[in-house]
Amino acid sequence: MKRYLIALLSLTLVISACKKVPITGRRQMKLLPNSTLNSMSFTQYQDFLSQNPPSQNAQQTAMVREVGTNIQRAVTKYFREKGLSKELQGYKWEFNLVDDPTVNAWCMPGGKVVVYSGLLPVAQDKDGLAVVMGHEIAHAIANHGNERMSQGLAAQAGGTALSVAISNKPQQTQQLFMQAYGVGAQVGAILPFSRLHESEADEMGLIFMAMAGYDPEAAVPFWQRMSQASNGQSPPEFLSTHPSPSTRIKKLRESIPRARAMAAKYGI
């Protein structure tokens with residue numbers, strides 16, 4: 001009877017935690033409150049920057065912050081006009097460039113973004129940078145990390161210990177957090193985003209960059225350059241579980257008309 005009640009409680013918790021992803025409408029499991037993840041994010045972000053100081057290249061840093069701020073404005077405007085501003089409550093956006101040859105970028109909960117300098121030669125310009133920053137911001141907006149942490153915690157704790165996991169197992173929870181949000185150059189190989197999440201971030205990111213005033217057509221050559229960035233070696237960690245180049249480009253081309261339409265209606 002006890003096991004039955006635990007299973008029933010876990011099932012009820014999961015059902016009640018089902019939410020919809022903005023723009024795509026996909027249902028997802030989201031067990032953790034955004035306020036909790038934001039708090040963890042802000043701490044981990046500062047810890048990361050203390051070990052990886054922001055770049056002193058003023059021109060490149062300005063470009064990263066300009067593109068990031070424009071996408072932030074577009075996302076904020078869209079959520080406000082759709083009556084979803086509450087979803088962004090607690091966000092404290094921040095955009096930093098770090099000097100690291102890794103071809104990578106990521107966004108933590110609450111809008112904490114890092115771009116690695118190794119990505120810039122592949123991005124080439126602001127449109128290319130907007131492709132990848134829109135993609136990474138989309139991961140955060142879609143709560144993909146929350147979804148992965150929820151799945152991980154549910155698997156580890158059976159659902160019943162989720163409310164105390166963070167306080168009782170801080171080290172394990174912190175490790176799961178770092179993995180769930182792809183923090184660090186190698187972490188993508190440990191617990192990568194699923195292809196479903198990557199495809200969803202592609203679609204949402206394309207819309208976000210278009211609403212911010214960047215050319216969504218730039219996504220196709222950008223991902224072509226990304227697929228060629230390995231120069232015959234293993235692909236960048238950034239691409240560890242991404243869709244195949246041909247599949248991604250096909251879907252991106254199909255999504256460009258919708259991105260333009262959304263930009264015309266909601267763009268800044």
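In strand E5, Val115 is the bridge partner of Ala105, and that pairing is a handy way into this predicted model. Val115 also has Leu97 standing opposite.

- Three strands make up an open sheet with mixed pairing, and their order is E3-E5-E4.
- The edges are E3 (94–98) and E4 (105–108), each of which pairs on one side only.
- Ignoring direction, neighbouring strands here are turned by 15 degrees against each other on average.
- E3 runs parallel to E5, and the two are joined over five bridges.
- On the other pairing, E4 and E5 (residues 112–116) go antiparallel over four bridges.

**What's covered and what lies across**

- How many of E5's five residues are buried? Five of them are, so E5 counts as mostly covered because buried means under 20% relative accessible area.
- Both faces of E5 are covered: Lys112, Val114 and Tyr116 sit buried on one side, with Val113 and Val115 buried on the other.
- E3 is mostly covered too, with four of its five residues buried.
- Helix H5 (residues 126–141) lies across E3, E4 and E5, and runs at about 35 degrees to E4.

- Which residue's side chain has a polar atom 3.2 Å from the backbone nitrogen of Gly110? That side chain belongs to Asn38, which is found in helix H2 (residues 34–51).
- Asn38 counts as buried, because its relative accessibility is 6%.
- Leaving aside neighbours within four places in sequence, Asn38 touches Gln89, Gly90, Tyr91, Pro109 and Gly110.

**Helix H9**

- Most of H9 is covered, with 13 of its 17 residues buried.
- After H9 comes Gly213, with a positive phi near 100 degrees.

**Salt bridges**

- In general, side chains of opposite charge can pair when their charged atoms come close.
- There are ten salt bridges in the structure.
- One of them joins Glu147 to Arg26, with the closest N and O atoms 2.9 Å apart. This pair links distant parts of the chain, 121 residues apart: Glu147 is in helix H6 (residues 144–157), while Arg26 is in the loop between strand E1 (18–20) and strand E2 (27–29).
- Arg26 also meets Glu200 in a salt bridge, at 2.9 Å from N to O. Here the two residues are 174 apart in the chain, with Glu200 in helix H9.
- Are these residues buried or exposed? Glu147 is buried because its relative accessible area is 5%, Arg26 is buried with 18%, and Glu200 is buried as well.
- A further salt bridge pairs Arg260 with Glu217, whose closest N and O atoms are 3.7 Å apart. Arg260 is in helix H11 (residues 245–266) and Glu217 is in the loop between H9 and helix H10 (219–228), 43 residues apart.
- Arg260 is partly exposed, with a relative accessible area of 40%, and Glu217 also counts as partly exposed, at 39%.
- Through shared partners, salt bridges join Arg26, Glu147 and Glu200 into one network.

Conventions:
Residues are numbered from 1 along each chain as its sequence is written. This is a predicted model: local features need pLDDT of at least 70, side-chain atom pairs count only at pLDDT 80 or more; totals for chains, interfaces and linings use all residues. Side-chain values use heavy atoms; hydrogens and water are left out. Two strands pair if DSSP finds at least two bridges between them. Axes are lines fitted to C-alpha atoms, for helices over the stretch in contact, and angles run from 0 to 180 degrees between N-to-C directions. Contact means heavy atoms within 4.5 Å. Buried means under 20% relative accessible area, exposed over 50%, partly exposed in between (1.4 Å probe, protein chains only). A polar contact is a pair of N or O atoms within 3.5 Å; within protein, one must be able to donate a hydrogen and the other to accept it, and residues adjacent in sequence count only if both atoms are side-chain atoms. A salt bridge is a side-chain nitrogen of Lys or Arg within 4 Å of a carboxyl oxygen of Asp or Glu.
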